[in-house]
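This report describes selected contacts in one protein model. Please look at the sequence and the structure below before reading on.

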Amino acid sequence: MTTGAILIQLRKEKDVGQKEVATYLNVSIATIFNYENNVHSPDYAMLCRLADYYGVTTDYLLGRTVYRNDPKVLNRRISDEYTVTDVIDMALALDSSEVHHLMEYAKFIQTRRQ
């Protein structure tokens, strides 16, 4: 998916028009139209502002990943020692058998809460 298509999808999900996005970013409606139609690409600073506006990563906007969580979520502390990113990194370092055991244990912990 192109950056323009991603921007259109995010704008529709947020249920806003090009005018609202342009006003928030202090640019013209034509600029938003051009980004969404891949006529022009946003520069680095604008890409960051768009990512903040839509609550996604710049990598998501560029189509480099399908993972779209806001960086604030990734940096959120889930304990005194760990962030969400730490848990993701740990899970990615496991082999498939270890991931299976991790997920089974997580499900077990969830059922104990209920």
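## A salt bridge between Glu13 and Arg68

Glu13 and Arg68 form a salt bridge in which the closest N and O atoms are 2.4 Å apart. The pair ties together parts that are 55 residues apart in sequence, because Glu13 lies in helix α1 whereas Arg68 lies in the loop between α5 (58-61) and α6 (71-74). The model is a predicted one.

Both partners are partly exposed. Glu13 is partly exposed, with a relative accessible area of 45%. For Arg68 the relative accessible area is 28%, and Arg68 is partly exposed.

## A salt bridge between Glu36 and Arg11

A search of the whole structure finds four salt bridges. One of them joins the side chains of Glu36 and Arg11, with an N to O distance of 2.6 Å. This pair links distant parts of the chain, as Glu36 sits in helix α3 (residues 29-36) and Arg11 in helix α1 (residues 3-14), 25 residues apart.

Are these two residues buried or exposed? Glu36 has a relative accessibility of 5%, so Glu36 counts as buried. Arg11 has a relative accessible area of 12% and is therefore buried. The cut-off for buried is under 20% relative accessible area.

Lys107 counts as partly exposed at 45% relative accessibility. Glu104 counts as partly exposed at 38% relative accessibility.

## The crossing of helices α2 and α4

Helix α2 (residues 18-25) and helix α4 (residues 44-54) have axes that come within 11 Å and cross at roughly 120°. That angle makes α2 oblique to α4, because angles of 65 to 115 degrees count as roughly perpendicular and those over 145 as roughly antiparallel. The crossing in which α2 passes α4 is right-handed.

Which residues make the contact of α2 and α4? On α2 they are Val21, Tyr24 and Leu25, and on α4 they are Met46, Arg49, Leu50, Tyr53 and Tyr54. Sorted by class, the contact of α2 with α4 has seven nonpolar residues, no polar residues and one charged residue.

Definitions and conventions:
Residues are numbered from 1 along each chain as its sequence is written. This is a predicted model: local features need pLDDT of at least 70, side-chain atom pairs count only at pLDDT 80 or more; totals for chains, interfaces and linings use all residues. Side-chain values use heavy atoms; hydrogens and water are left out. Axes are lines fitted to C-alpha atoms, for helices over the stretch in contact, and angles run from 0 to 180 degrees between N-to-C directions. Helices (H or I, at least four residues) and strands (E, at least two) are DSSP runs, numbered from the N terminus. Angles under 35 degrees count as roughly parallel, over 145 as roughly antiparallel, 65 to 115 as roughly perpendicular and the rest as oblique. A crossing is left-handed if the near helix is turned anticlockwise from the far one by less than a right angle, and right-handed if clockwise. Contact means heavy atoms within 4.5 Å. Ala, Val, Leu, Ile, Met, Phe, Trp, Tyr, Cys and Pro count as nonpolar, Asp, Glu, Lys and Arg as charged, and the others, Gly among them, as polar. Buried means under 20% relative accessible area, exposed over 50%, partly exposed in between (1.4 Å probe, protein chains only).
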